[in-house]
Amino acid sequence: MGKNDERIPKLLGIFLIFFAIYLFIAFTSYLFTWQIDQDSVLRFSWSLLFQGDMEVANWLGRLGAIVSNLFFYWGFGLPSYIFVAVFAILGITLMKTRPTISFVTPIWYAFLFLLFSAVFLEFAFPNSDFPWGGAFGDSICNWLSRFVGTAGMIALFIFLIIGFITWTFNPNYNEMSTNSVKYGFSKFFRNLLSGKIFQAAPAVKSATALRSRKGKNPISAASENETDAENAEAPPKPVQVTNPELSLTPEELAKEEMAKKLEAAKKKAKPQALRMGDDALEIAAPEPEPVSEEPAVPAPDGVQSKLPLNTDLTPAEMQIAENNQIHTEPYDPTLELSSYEHPVLALLEGYEDSKVEIDRAELEANKDQIIETLLNYKIEIIKIKATIGPTVTLYEIVPAPGVRISRIKNLEDDIALSLAALGIRIIAPIPGKGTIGIEVPNKAKQIVSLKEVLVSDKFKRAKMDLPIAFGKTISNEVFVADLAKMPHLLIAGATGQGKSVGINVILMSLIYKKHPSQIKFVMIDPKKVELFPYAALENHFLAYLPGLDEPIVTDTTKVVHTLNSLIIEMDQRYSLLKKAQSRNIREYNEKFVSRRLNPQKGHKFLPFIVLVVDEFADLIMTAGKEVEVPLGRLAQLSRAVGIHLIIATQRPSVNIITGVIKANFPARIAYKVTAKVDSRTIIDTGGADRLIGRGDMLLSYGSNLVRIQCAFLDTPEVEKVIDFISAQQGYPTPFFLPEFQGDDEEHGNSGVKLGDLDDMLENAARLVVQNQHGSTSMIQRRLKLGYNRAGRIMDQMEALGIVGPSNGSKPREVLVFSEPELERYLQDIKTRK
């Protein structure tokens with residue numbers, strides 16, 4: 001075997017080609033099986049190669065799973081396919097016995113492209129479970145994002161792309177046109193396919209390079225051309241250049257001639273003084289030239305002609321015109337807080353330990369039990385199918401012809417008894433299907449984590465204004481809804497069934513999806529302990545009245561002021577929409593972003609405002625009509641201007657969820673309740689009393705009723721996300737709502753002087769509120785007063801808003817529902833005196 005034996009590089013080339021094919025198959029298999037094999041091969045050790053009992057799904061077995069995991073997870077991610085191309089091309093080069101030294105430059109370019117792609121893909125797909133850029137791309141991307149920020153990374157990528165194009169093609173930006181761009185791209189792809197992109201630059205110089213040689217000796221220019229030609233792959237004959245301008249095209253010569261004429265015209269122009277106030281502004285105004293009969297020569301590309309200055313404009317108009325010329329790009333509301341980073345999914349728990357396997361035996365046993373129970377009542381079915389959910393399994397049955405649906409519906413308790421299960425719910429029939437559904441709770445229930453819901457493509461690709469990831473349906477599909485289309489949400493259920501967790505899930509869905517400039521939260525928490533962690537987001541996501549001690553509203557008086565302030569904000573937004581001739585907030589913001597609205601006329605970017613009330617029943621008990629009336633007005637009118645309400649209560653009774661509330665809250669969530677009447681109060685139908693609790697809920701959305709297992713979010717996870725956001729720079733000042741001044745006048749609502757109130761008014765008011773019966777005869781009888789005095793006290797209570805107007809022979813309506821509310825109101829009257 002000689003020293004220059006050609007068989008060795010050929011064998012090495014064949015090995016590299018087969019190795020490239022092996023990597024290609026392993027990498028392709030990894031794209032489909034990485035989730036299955038990752039737990040087995042995540043931590044590499046040599047013992048993995050010899051574990052015969054380890055099962056993997058990779059098409060090339062354990063070695064394929066280990067190798068692909070090393071390249072993808074611990075290496076460079078999806079750009080690892082570049083190794084396949086490099087090994088294949090190098091193998092072909094060795095098989096053809098070509099010199100390998102010519103392959104050094106392509107390897108260098110491929111290596112740079114590998115690094116760039118890994119970092120770029122990790123930046124383009126953040127918070128993804130799939131290793132798009134591998135460990136290298138993830139670490140470099142995280143370091144760069146903390147070092148230069150998101151905007152800095154975008155600028156860096158643009159710089160690298162433009163730098164690559166400039167280094168590879170050396171384009172002439174002065175002569176850039178549409179045809180040259182098209183030619184440049186077609187040339188790029190031809191060179192990429194032929195491999196010439198990695199070779200040395202050709203000897204043909206651009207017109208810019210030839211122009212730079214003006215003033216040089218023609219012989220030296222020719223010698224440079226000869227030197228360049230010798231280094232080219234196909235050396236052309238050297239060209240003797242005697243005048244560099246001869247190498248220019250006629251178009252370039254015409255452009256240079258036109259540029260010379262424009263330069264000469266500028267030198268002839270005389271300065272002219274324009275007085276603006278007390279300051280003199282000198283501008284260059286060319287003298288009028290005689291009209292020539294020669295046709296006007298159009299200005300060449302790249303040469304901008306100076307427009308004459310209109311001296312009739314005022315300084316303010318000139319400033320506006322200048323601003324319009326500068327700001328031609330669309331307005332970006334996130335630029336004011338451009339360094340903001342969305343929270344990462346790693347802050348949330350996955351709860352993988354709670355994943356349970358599907359028990360096929362349990363499914364078959366339940367099927368047989370359902371069929372047997374129905375046959376006991378002489379009900380035959382044709383078909384039965386099971387759909388497995390996280391906590392509930394849906395059995396769809398097709399009854400035999402002639403079987404009434406009502407007979408199956410009436411057997412709800414009998415089927416629950418035979419299955420020994422709690423919370424059997426029958427859907428007869430299932431909307432849109434010719435089947436009857438029987439929902440049976442699973443014995444082993446699965447926790448639906450918020451992390452797996454947010455990572456789903458359904459939430460990531462949601463084209464919604466305010467997307468909310470509630471959880472998973474009984475068909476194990478992620479359910480995402482748009483709060484902007486609901487447009488308000490009522491949440492009700494018994495204590496401890498998951499309402500507060502559901503509110504946290506809604507808030508976290510919006511926080512993960514939206515920028516602080518796009519959404520603001522107004523939080524009302526009478527319990528004072530549920531929403532207090534969000535106070536740390538004061539300068540990011542919260543909105544409240546100026547002058548409050550804390551951003552989370554807990555005091556009843558401040559709640560009333562906050563609701564009235566939201567009404568003022570709503571009216572102001574409607575005025576802006578009227579001026580902009582827009583129907584809703586989306587159209588208005590689109591016009592503002594495209595700079596079709598003038599900020600100097602009061603226009604501004606309008607963020608969505610979401611009002612969250614954690615315990616509505618307590619507000620009704622303590623404030624009554626003072627809360628219900630502004631809430632009703634907000635619910636009726638605020639949708640178009642981007643104000644949405646989320647109200648939660650644990651007392652779903654008719655005196656809490658009144659007709660005004662139900663009429664304006666078409667979207668409602670019912671958690672488990674104790675009685676069927678409560679279920680009908682919330683969602684106008686039964687079913688909520690059959691839920692199993694722990695986040696099991698029914699969402700009435702439009703004409704649909706969907707059963708969902710709400711995602712679980714623990715308090716430590718909420719605190720982690722809030723700490724992540726609060727550690728970042730926020731706005732200098734919070735988002736303040738318009739100020740609202742209460743009624744501090746001397747007179748009441750109907751002109752009653754506070755000093756003329758009867759001494760027995762307080763006792764009469766307490767009597768009326770205690771009995772919820774506004775009768776003059778009752779006051780006369782109980783307080784032992786004359787009829788005229790009792791009637792005068794009743795008129796004063798009507799003027800103060802304690803009772804309603806006279807209703808003939810019937811008792812007056814009592815407008816105050818509880819004694820604490822009355823005592824607070826009477827105390828306010830005393831302070832006014």
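**View 1. Glu55 in the loop between helix H1 and helix H2.** Glu55 sits in the loop that links helix H1 (7-41) to helix H2 (61-76); helices (H or I, at least four residues) and strands (E, at least two) are DSSP runs, numbered from the N terminus. Glu55 counts as exposed because its relative accessibility is 72%, and exposed means over 50%, buried under 20%, partly exposed in between (1.4 Å probe, protein chains only). Ser40 and Glu55 lie 15 residues apart in sequence, with 8.3 Å between their C-alpha atoms. The model is predicted: local features need pLDDT of at least 70, side-chain atom pairs count only at pLDDT 80 or more, and totals for chains, interfaces and linings use all residues. Residues are numbered from 1 along each chain as its sequence is written, and side-chain values use heavy atoms, leaving out hydrogens and water.

**View 2. An open sheet of 9 strands.** The order is E8-E7-E16-E15-E14-E9-E13-E12-E10, with mixed pairing; two strands pair if DSSP finds at least two bridges between them. Strand E8 (478-482) and strand E10 (519-524) are the edges, each pairing on one side only.

**View 3. Strands E14 and E15.** E14 (residues 667-670) pairs with E15 (residues 696-701) in the antiparallel sense, over 3 bridges. Ile669 faces Leu699 in E15.

**View 4. The largest nonpolar core.** Such a core is a set of buried Ala, Val, Leu, Ile, Met, Phe, Trp, Tyr and Cys residues joined through side-chain atoms within 4.5 Å. Of its 113 residues, Phe470, Leu489, Phe521 and Tyr534 touch the most other members. Helix H17 (residues 556-580) gives the most, with 9 residues.
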